[in-house]
Amino acid sequence: MPTTLCSAKASYKKQPGTLELTDSHLTWTQDGKKAPAVRVLHLEASSLFCSKEGAAQVRLKLGLVNDEAGHNFTFTSPSAVAYVEREAFKQELTNIISRNRSAAPTPVQKPTPLSTPAKTPAPIQSTSRATSVSSDTRTPILSGIDAATDFRLRKKVLLSNPELLALHKELVMSGHITESEFWDGREHLLLAEAAAEGQKRGRPGQLVDPRPQTVEGGEVKIVITPQLVHDIFDEFPVVAKAYNDNVPNKLSEAEFWKRYFQSKLFNAHRASIRSSAAQHVVKDDPIFDKYLEKDDDELEPRRARNEVSDLFINIGATLEDHGETGNEKDVTMQAGRQRGALPLIRKFNEHSERLLNSAFVADTDKFNRGEIPPAKRRRIDSGNDEDDDAYAQITLDDLRDSEAMNGITLQMQDRERYFEGQLARSASEQAGSEVVDVRAAFAELKHGLRGWETRFSQFRIDKRAGDAALDSMTQNVSARLDIRTRKTNFPPTLFRQLTTCQTAANEFLRQFWTSLYPPPMTATSSATLSQNAAKAAKMAGYLSKTREKVEALVRASQLEGVEPERVEVAMKPLLDAVDHALAFYRGRSAKTSTLKTV
């Protein structure tokens, strides 16, 4: 009989029962039943979470090796007793989890077959990377980050991609491939998720323009938040000056904002040309009217624009250098023709300039502190250094790949003959080419252009060619729409089995070809040649069973009333890809064994 370490009354999924911890298992049995509904081996325990002290409910969550969701238990005894019982379980389970982590055992997995009736081969025991890198979810996939962060990134990627999540459950949770093998080649998804988490939201580009809301009774309400106050002060310094001059000596803060939103000053700051009409209906305010400025509607702006010293980004200088080209200015291109729009246009321009300057200053400060690498900062200096190339000033470093990809070497048969043919073809083309007399060619071209006006007026296009092209495009679009709207007419169960089989086989193919032609060595991929060879052998074993699975699906389709030929046609591209991979692997293995024999 197992020894009971601790026991307590606890509910599981809102059902009352008894939670018991023995020297080998953690069990929970519902009241009135004999068989336990939850039975967890000590080796399966990987993490433990508890509710805060003083919480309304005393809870305990146990995470498993292959199931971080685990099990949640709520102790149902009175609060004082439940807390003591929970602490007893917590102490014992903490010791068990510590032993599991120190021993680092292989996670207990329950292999389950794929959705198809065919049998799945057991993984081949080898010294592959799957052995050196355990499938334990605590092992980081990305180097340089802790296991908890790495697990969170993987979880977010899987939850955001349902198809990838289904594939993970089908292959990893069932024990066909390890966690490391699954993410091998998908590190870019984790890196993109990590970059998205680390990206901070910049300053919003929208112009500050609080919108009044009409509430019951016809009253107008504007919700004022600290962020809105900060944005108003930053966008309109005159409001900040008015606030400092009048609050709290002359006006309270609430009265200040109430009078501001009813003043002409607020309507002058509205981001709409229609706000000028509202200025005639708002009330006069002796305090805020003092801060009103004359509309900036003259031909020359009130604030002098900063001259851009860098000619590479000075649009005005570019226009001056190319005055002989472009469209001639007409009445629609004259600044100030619509005088009422000038203040709004200049307000938008000043806001955009302020936004860009703030972003550049923030990047400059980070660059000076070393938080931004030099390659990530746009160069807009004047190029005074003699060693600077002028072209480097207009180069966007973010669009340049910092790491050149070596790619995968193309394996060609009779490579020498290919290049010999190229050389022979180029030599024959050079020998057959004739020297062109430029003067004679130009004279012939000039003679052919004589009288082109008369011939052009008499030119008529045969519309039959255009009608034929239009009919061809229409038929193409109709065929595409017909294919999209046509249903598969497969039963849902059979269609799901077909999809699962194809997805699993595609993953095995990806793992197979990646092991044979691994990408360049990176920090996240460090498998040796022997490990890749063992992995290729294991994937080839899985692929060899694909035809049996497809045949089983063909037989299952007959029971569902579906023509077997339709299933064979649907799975033929997959079988062709699998046969090609297996034939390549057999040829490669035979060549390797021949070299070893010699």
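Here are some worked exercises on the predicted model shown above.

Residues are numbered from 1 along each chain as its sequence is written. In this predicted model, local features need pLDDT of at least 70, side-chain atom pairs count only at pLDDT 80 or more, totals for chains, interfaces and linings use all residues, and side-chain values use heavy atoms, with hydrogens and water left out.

## Exercise 1: The whole chain

Find how many helices and strands the protein chain has, and what share of its residues is buried.

**Solution.** 
- Step 1. The protein chain has 21 helices and nine strands. Both are DSSP runs numbered from the N terminus, with at least four residues (H or I) for a helix and at least two (E) for a strand.
- Step 2. Of the 598 residues in the protein chain, 30% are buried. Buried means under 20% relative accessible area, exposed means over 50%, and partly exposed lies in between (1.4 Å probe, protein chains only).
- Step 3. Now take the contacts in the protein chain with a separation of 6 or more: residues 24 or more positions apart account for 59% of them. A contact means heavy atoms within 4.5 Å.

## Exercise 2: The sheet

Work out the strand order of the open sheet and name its edge strands.

**Solution.** 
- Step 1. The open sheet is formed by seven strands in the order E4-E3-E2-E1-E7-E6-E5, and the pairing is antiparallel. Two strands pair if DSSP finds at least two bridges between them.
- Step 2. At the edges are strand E4 (38–41) and strand E5 (45–50), each pairing on one side only.
- Step 3. From one strand to the next, the twist averages 30°.

## Exercise 3: A loop residue

Is Glu 53 buried or exposed?

**Solution.** 
- Step 1. Glu 53 lies in the loop between E5 and strand E6 (58–64).
- Step 2. With a relative accessible area of 68%, Glu 53 is exposed.
- Step 3. Glu 53 and Tyr 83 are 30 residues apart in sequence and 8.2 Å apart in space, C-alpha to C-alpha.

## Exercise 4: Helix H3 and its partners

Describe how H3 packs with H6 and with H4.

**Solution.** 
- Step 1. Two packed helices are described by the angle between their axes and the distance between the axes. Axes are lines fitted to C-alpha atoms, for helices over the stretch in contact, and angles run from 0 to 180 degrees between N-to-C directions.
- Step 2. Helix H3 (residues 147–160) and helix H6 (residues 187–198) pack at an angle of about 100°, with axes 9 Å apart. That makes H3 roughly perpendicular to H6. Angles of 65 to 115 degrees count as roughly perpendicular, under 35 as roughly parallel, over 145 as roughly antiparallel and the rest as oblique.
- Step 3. H3 and H4 pack at an angle of about 115°, with axes 5 Å apart. H3 is thus roughly perpendicular to H4.
- Step 4. In this contact, Val 157, Leu 158, Leu 159 and Ser 160 in H3 meet Pro 162, Leu 164, Leu 165 and His 168 in H4.

## Exercise 5: The two sides of H4

Find which residues of H4 are buried and which are exposed on the face turned away.

**Solution.** 
- Step 1. In helix H4 (residues 162–171), the buried residues are Leu 164, Leu 167, His 168, Glu 170 and Leu 171.
- Step 2. Seen down the axis of H4, these buried residues fall within an arc of 165°, so they line one face of the helix. The arc is that of the directions from the helix axis to the C-beta atoms.
- Step 3. Pro 162 and Lys 169 are exposed on the face turned away from the buried side.
- Step 4. The cover over the buried residues of H4 includes H3, helix H5 (179–183), H6 and helix H18 (492–516).
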